[in-house]
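Let's walk through this structure together, from its overall layout down to single strands. Keep the viewer open as you read.

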Amino acid sequence: MSKNKPNSVQKGGSPKRRMNFKVLGRVMKLLFKFYPVLIPIVAVCIVTSALVSAIPSVFTQKVMAIITRYLDSGDMNWSVAKTEILPLVGILIALYVVSLAFIVLQTQLMAYITQGFLGKMRKKMFDGMQNLPIKYFDTHKHGDIMSYYTNDIDTLRQLISQSLPSLLQAGTIVLTVLFIMLYYSIWMTLIVLLGVLGMFFVSKKFGGGSAKYFIRQQKSIAKTEGYVQEMMNGQKVIKVFCREEQVKEDFNAINVELCNDTMKAHAYANALGPVIMNIGNILYVICVTVGGLFLLLETPNLSIGPFPYFHLSFVIPFLNMTKQFTGNVNTVSQQINHIVMGMAGAERVFTLMDEQPEVDEGYVTLVNAEIAEDGTVKESRKHTGKWAWKHPHSDGTLTYTELKGDVRLFDVDFGYEEGKTVLHDVSVYAEPGQKVAFVGATGAGKTTITNLINRFYDIADGKIRYDGININKIRKSDLRRSLGIVLQDTNLFTGTVMENIRYGNLEATDDECIKAAVLAGADDFITRLPDGYNTMLSNNGANLSQGQRQLIAIARAAVADPPVMILDEATSSIDTRTEAIVQRGMDKLMEGRTVFVIAHRLSTVKNSDVIMVLEKGRIIERGNHQKLIEEKGTYYRLYTGSFELE
Amino acid sequence: MLKRLFGCVREYKKYAVYTLIFMVVEVIIDCLLPFIAAKVINNLQSEAGVDMGYIIKIGLILILMALISLAMGALAAMTAAKASAGFAKNLRHDIFENVQTYSFENIDKFSSASLVTRMTTDVANVQMSFMMLIRIAVRAPLMLIFSIVMAFIMGGWLASSFVILIPILAGGLLLIAKNAMPAFRRVFKKYDKLNESIEENVRAARVVKGFSREEYEKKKFGKAADEIQNDFTKAERIVALNSPIMQFCVYFNMIFVMIVGSMLAIKSGGTTINVGEMSAMLTYGMQILMNLMMLSMIYVMLTMSMESMKRIYEVLSEKTVLDNPKDPEYEVKDGSIEFKDVSFKYSAKAKKYALSDIDVKIESGMTVGIIGGTGSSKSSLVQLIPRLYDVTEGSVKVGGIDVRKYDIEALRSSVAMVLQKNLLFSGTINENLRWGNPNATDEEIREACRLAQADDFVMSFPDGYETKIEQGGTNVSGGQKQRLCIARALLKKPKILILDDSTSAVDTKTDALIRAGFKEYIPETTKIIIAQRIASVSDADLIIVMDNGKIADMGNHEKLLKTSDIYREVYEQQTNGGEDDE
C-alpha cells in the first residue's frame with residue numbers, strides 16, 4: 001500500500017569513507033559469540049603459519065652461509081657438508097609440515113566460519129525483520145531492504161573470509177620481519193620504513209582516487225539502471241510511437257557517462273598494484289646499493305642483534321626480508337578498500353538489526369471455545385469452530401467473550417506523521433452481519449481506517465473496540481488472525497496454487513481449500529490451469545492476470561474463515577460479470593459476519609448496509625445506497641458520473 | 001557467441017592491444033629484474049670485494065627498469081580500464097539498440113527486470129572478466145614461460161623440480177575448479193531463490209502480518225538459509241584447498257632447492273650453481289607457481305562469467321520477428337480496416353489461439369466499440385491493426401492494403417494506439433506529449449489536450465504544461481494520466497485511433513465529453529474504443545462483443561440488446577446490477 005505512505009525516509013546514510021572501529025568491534029564480537037572456540041583456533045593458526053612462513057629465510061640464509069663457507073674453503077666434501085646442512089633442512093621440513101597442517105585447518109575452518117556467520121546473520125536479519133512494524137516496510141524502499149541481504153552481506157563475506165585473515169597474516173609477517181630486520185640492522189630498517197611510508201602515501205592517493213570514482217560509478221549505475229528500467233517497462237509505448245531513435249540517443253549520453261566513471265575508477269584501482277610493487281623494487285635496489293656502500297666502508301652497524309659491523313652474512317638475508325616486507329605491505333594496502341567497504345556493509349546490516357521491533361502489550365488472547373445454551377463461554381482445548389476472547393483482569397479473574405466480529409471506531413484521529421492528521425473524528429459501527437463500505441478519492445483515508453483496525457498503525461486519539469474490547473488490549477497476532485484482509489496489490493508466494501490458498505489457514509485440508517476457491521469464484525479458472533491446483537506460481541504469480549491473482553487472494557482469505565473480513569479494492573481488476581459471482585460467494589460465506597469493503601467502482605459497494613463517503617479524512621456522508629442517492633450529495637454525483645474519483 | 005560478444009570491443013580494441021604491449025614490456029622487465037639483481041648480490045659476495053662503482057651503475061639501471069615497469073604498469077592499468085569500460089559501454093549500447101528493434105512478441109519474451117539485470121549486472125561481470133583477461137591472460141603465461149626458461153638456464157638440473165611441481169599444482173587447481181564451479185553454480189541458483197523469497201516477504205509484509213504468519217515465515221526461511229549455508233560451506237571448502245596446495249608446492253620447491261642445490265654447489269665447487277643462483281631459483285619458483293595460480297583464477301572467472309555472457313548473447317541474438325517489407329508502402333490511404341479470416345496466437349508453440357475466425361469490415365471514420373470479459377482477447381484484436389503482432393492466419397488490411405506491406409513506421413504513425421498499460425515517462429508534460437509529434441506547436445498541444453479533456457487540469461497545475469511528471473507518472477491521478485495519454489496519441493493526427501480501455505479511470509461525464517469531441521473534431525478518423533463500461537460504447541456505429549477469442553455478436557446498441565445475451569447481461573449488471581442481489 002504505497003499510496004498512503006509518507007515520503008520514504010532513508011536511514012543508515014551513505015557509507016562513510018573511514019574505518020569505523022565500533023562497527024568492526026561489533027563484527028568481531030558477533031564472530032566470537034557465534035564461534036567462541038573456533039575463532040581463537042583460527043587466529044592461532046593464522047599467526048603460526050604466518051610466523052613459519054617468515055622464518056624460513058633465516059634457515060635458507062644459514063644454509064647458504066654454510067655453502068659459501070665450504071666453497072670458500074675449497075673443501076668439496078658433500079658427505080661432511082650434509083651433516084651440517086641436512087639437520088637444518090630437517091627442521092625446515094618439520095616447520096613446513098606444521099605450517100601446512102595449520103593452513104589446511106585454518107582455510108577449512110575459515111570456509112566453515114564465514115558461511116556459518118553469514119547464515120546466522122541472514123537468519124538474525126530476517127527474524128528481526130519479521131518483527132518490525134508495517135511502518136518500516138511502508139517507509140523504506142524495498143530495493144534498499146533487499147540490498148541488506150545481497151550487497152551488504154556480500155561485502156561481509158569478503159571481509160571475513162579474505163580481508164580479516166589476510167590482514168592478520170600480513171600484519172604478523174610484517175611485525176616478525178620488522179623484528180628480524182631490526183635484529184640485523186636498525187639503519188637499513190629505517191631506510192625500508194621510509195620507503196614504506198612512501199607506499200602508504202601513494203596507496204592513499206590512488207585508493208582515494210579510486211574510491212571517489214567508485215562512488216561516482218555507483219551513482220551512474222543507479223542512473224543507468226533507472227533509465228533502462230523505465231524504458232524497458234515502456235518499451236511497448238516506445239514502439240507504438242516509433243520513438244526508438246530518440247530513446248537510443250538519450251541512452252547513449254547516460255551510457256557514455258557511466259563508461260567514463262567506470263574507466264577512471266578502475267584505472268586507479270588497477271594502477272595501485274604495479275605502482276606499489278615497483279616502489280618496492282626501487283626500495284630493494286636502494287637497499288642493495290646502500291648495503292653495498294656500508295659493506296665497502298665497513299660502517300659500524302646499529303642493531304638489536306650481535307652485529308657491530310655491516311657484514312655480508314646479514315646484508316643478503318636483509319635484502320630478502322625487504323622484499324617480503326614490501327610484499328606484505330602491498331597485501332595490506334590492497335585489502336584496505338575491501339575493509340572500508342565491508343565496514344560500510346556491516347554498518348548497514350546493523351541498522352536493520354537495530355530497528356525497533358513492533359511492540360505488543362496485548363494480553364487478551366483468542367482461544368477455542370464452547371458456548372453453552374445459556375450463552376456462557378468456556379475455553380476448550382479442542383478445535384470447536386467457535387472462538388472466544390480470553391481476558392485476564394488485574395484482579396486475577398478471567399472473563400471470556402465470544403468472538404462475534406463487532407467492530408466500533410469512536411472519534412478516531414490518526415496521522416502517519418506527527419502533525420499531519422489524515423483521519424479526523426472517524427466513528428464507524430459495524431455489527432456482525434453488516435457490510436460496511438468506504439468510498440472516496442485516493443488519499444481520503446479509506447485504507448488508513450483498515451490499517452488501524454488490524455493495528456498496522458496505532459491511533460492517535462479515540463477508541464477502537466472489537467467485541468467490546470479495546471483493541472490495544474488484544475494480542476496483535478490474535479487480533480489479526482480474527483481479521484481476513486484482501487488487498488488491492490495481491491501478493492502471492494512462490495509455491496503451488498493450493499499452498500497459496502492454504503496460507504490463510506495452515507491446517508486446512510485440500511477439500512477446504514477447494515471449497516474456499518469455489519466460494520471465491522476462483523475454482524473455474526484454477527481447474528483450467530495446466531496443473532490445476534498444483535500449478536506452480538512464481539514471481540508473484542506472474543503467469544496469472546491481475547484479476548486471477550485477486551481471486552486467489554480472496555480464496556486465501558476465505559479459507560481462514562474469519563469473523564471479520566476487509567476487502568480493500570479486492571475486486572478492482574475483476575470484470576463486472578465475474579465480480580458478481582465473487583460477491584454472491586462472499587455474501588454466502590460472510591452471512592452473519594462483518595465485512596468492510598473499499599472500492600471505487602460503485603457497483604461493488606452498492607448493496608452494502610452502510611456506505612461511508614470519505615473526503616480528506618472525514619466521513620461526509622453515511623447511509624445505504626437508497627438514502628445517499630436521495631440525499632443528492634457527493635455519492636449521488638459520483639453515482640451519476642458527474643464526479644471523478646482518484 | 002564469444003565472437004559476437006567480443007566483436008563489441010570495436011574502437012576500444014586498440015586500448016586492449018596497448019594493454020597487451022605494456023604488459024609484455026612489464027613482464028620482460030619483471031623477469032630481468034631478479035636476474036640483474038642477482039649480479040649485484042654476487043658482486044657483493046665476490047671475493048674481490050665490493051665494487052661500488054659497478055653496484056651504483058647496475059643500481060641505476062635497476063631503478064630505471066623499475067620506473068619503466070611502474071610506468072608500464074600504470075599505463076596498462078589505464079588502457080585496460082579504458083578497454084574494458086568501453087567494451088561494457090558497447091555491450092550496453094548494442095543490447096539497448098537491439099531491444100529497440102524488438103517487436104511486441106520479442107518484448108513479451110523477456111521481462112523488463114531481466115533485461116535490466118542483463119544490462120547492468122551481467123555486463124559488469126563480463127567487463128571484469130575482460131579486464132582480468134587482457135591484464136593477466138598475457139602476463140601470466142609469459143611470466144610462466146619466461147620464468148621456466150630462466151630457471152632452466154640458471155638452475156639447470158635444479159629446475160627439474162618444476163617438472164614435478166607444475167603438473168601437481170596445475171592438476172590440483174584444475175581439479176578444484178572443476179569440482180567447485182558446478183557446486184557454486186548450484187548454490188548461486190539457490191541463493192537467488194532465497195533472495196527472491198526475502199523480496200517476496202518484504203513485498204507481502206502486510207499479508208504475512210495480516211495472517212500472523214511471522215513465525216511460520218521465520219521457520220521457512222531458517223530452513224532455506226541453513227540449506228544454503230551448508231551448500232555454500234561445502235563449495236567454499238573445496239576452494240579452500242587452493243592455498244594449501246599452492247603452499248605445498250612453494251615449500252617443496254624450497255626444500256628441493258636447499259637439498260639438491262647445496263649438494264650440487266658443494267660437489268661442483270660452485271661451478272654448476274652458486275649461492276646467488278640458488279636464491280634466484282627460489283624467486284623464479286615463486287613466480288612460476290604464482291602465475292599458475294593466476295591462470296587458474298582466470299579460468300574460474302571466465303567460466304563463471306560464461307553464464308552472464310550467455311544471458312547477454314540471448315538478448316543480442318534475438319531477432320525481431322517483424323521485418324520491414326521490401327518496397328514498402330509509405331502512404332496509408334484512409335482509416336478503413338478489414339479483418340479477413342484472422343486467427344492469431346501469441347507464439348508458434350501456444351496450443352490455444354488467442355483469436356480465431358475474425359471477419360470484420362470497418363469503414364473509414366466509423367466509431368467502433370469493443371466489449372467483452374477479461375481474457376476475451378479484445379486487446380489482441382486491436383494490436384493487430386498497427387502490426388504490433390502479425391496474424392497467424394488470414395490478413396488485416398488498413399486503407400485497403402495488407403498491414404504487412406506497409407513501412408512499419410509509416411503504418412504506426414497513421415494508427416495511434418493508447419495502450420491499456422499506458423505510461424508517462426519522467427519529464428515535463430510538454431515533453432511527454434511531444435512523443436506524439438516532436439514538432440507540435442504549443443497551440444497544437446493545447447488543442448489536443450482540450451479534445452482529451454486534459455487542458456483544464458493541466459492549466460490548474462502551478463507549472464502548467466511544464467509540470468514535471470515523475471517516473472511512472474505517480475504524481476498525476478489515474479484518470480489524468482489516461483487523458484494525457486489520449487492527448488499524446490491525438491497529436492499524431494492519426495487516421496485510426498485505438499483506445500484500449502483508456503478511459504476506465506475517467507468519470508463517465510468526462511468520458512462522454514471526450515467521445516463527443518472526437519465526433520465533432522476528428523470525424524474522418526476511425527475510432528476504436530475498448531471499454532468495460534457499456535456507456536463508453538453504446539453510441540458507437542458498431543459494437544463488437546468478444547468472447548473467448550471469437551466475435552460473439554456484432555451490431556449497434558439497440559440490435560445487441562435484442563440479440564446478444566452477453567451484451568444484455570453486462571448492460572443490466574451495470575445499469576441496475578447491485579439491486580438484483582438485494
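Chain B is divided by its domain assignment, which is an automatic or database one, into domain 1 (2-317) and domain 2 (337-575). The C-alpha centres of domain 1 of chain B and domain 2 of chain B are 56 Å apart. Before going further, a word on conventions: this is a predicted model, in which local features need pLDDT of at least 70 and side-chain atom pairs count only at pLDDT 80 or more, while totals for chains, interfaces and linings use all residues. Residues are numbered from 1 along each chain as its sequence is written, and chains are lettered from A and ligands numbered from 1 in the order in which they are written.

Staying with chain B, you will find 21 helices and 12 strands; these are DSSP runs numbered from the N terminus, with helices being H or I of at least four residues and strands E of at least two. For its 582 residues the globule rule gives 25 Å, but the radius of gyration of chain B is 36 Å, well over that value, so chain B is more spread out than a compact globule. (The radius is taken over C-alpha atoms, and the rule is 2.2 Å times the number of residues to the power 0.38.) The C-alpha trace of chain B spans about 120 × 55 × 50 Å along its principal axes. Of the 582 residues of chain B, 47% count as buried, meaning that 20 or more other C-beta atoms, placed from the backbone, lie within 10 Å of the residue's own.

Now zoom in on strand β9 (residues 496-500) of chain B. Why is this strand described as largely enclosed by the rest of the structure? Because 5 of the 5 residues of β9(B) are buried. I496(B), I498(B) and D500(B) point one way, L497(B) and L499(B) point the other way, and all are buried. Strand β6 (residues 415-418) of chain B runs parallel to β9(B), joined to it by 4 bridges; strands pair if DSSP finds at least two bridges between them. In this pairing V418(B) stands opposite L499(B). Strand β10 (residues 526-530) of chain B also pairs with β9(B) in the parallel sense, over 5 bridges, and there L499(B) stands opposite I529(B). From β9(B) the chain crosses through helix α18 (residues 508-521) of chain B to β10(B), in a right-handed β-α-β crossover: with the strands pointing away from the viewer, the path from the first strand over the helix to the second runs clockwise.

One feature to look for is an open sheet of 4 strands in chain A, ordered β6-β5-β8-β9 with antiparallel pairing. Its edge strands, each pairing on one side only, are β6 (423-430) and β9 (469-470) of chain A. Within the sheet, strand β5 (residues 407-414) of chain A and strand β8 (residues 461-466) of chain A pair over 5 bridges, and L409(A) stands opposite I464(A) in β8(A).

Finally, see where the chains meet. The contact takes 127 residues from chain B and 119 residues from chain A, with two residues in contact if their C-beta atoms, placed from the backbone, lie within 7 Å. On the chain B side, helix α3 (residues 52-101) of chain B gives the largest share, 27 residues.

How values were computed: A residue is buried if 20 or more other C-beta atoms lie within 10 Å of its own, exposed if 12 or fewer, and partly exposed in between; C-beta atoms are placed from the backbone.
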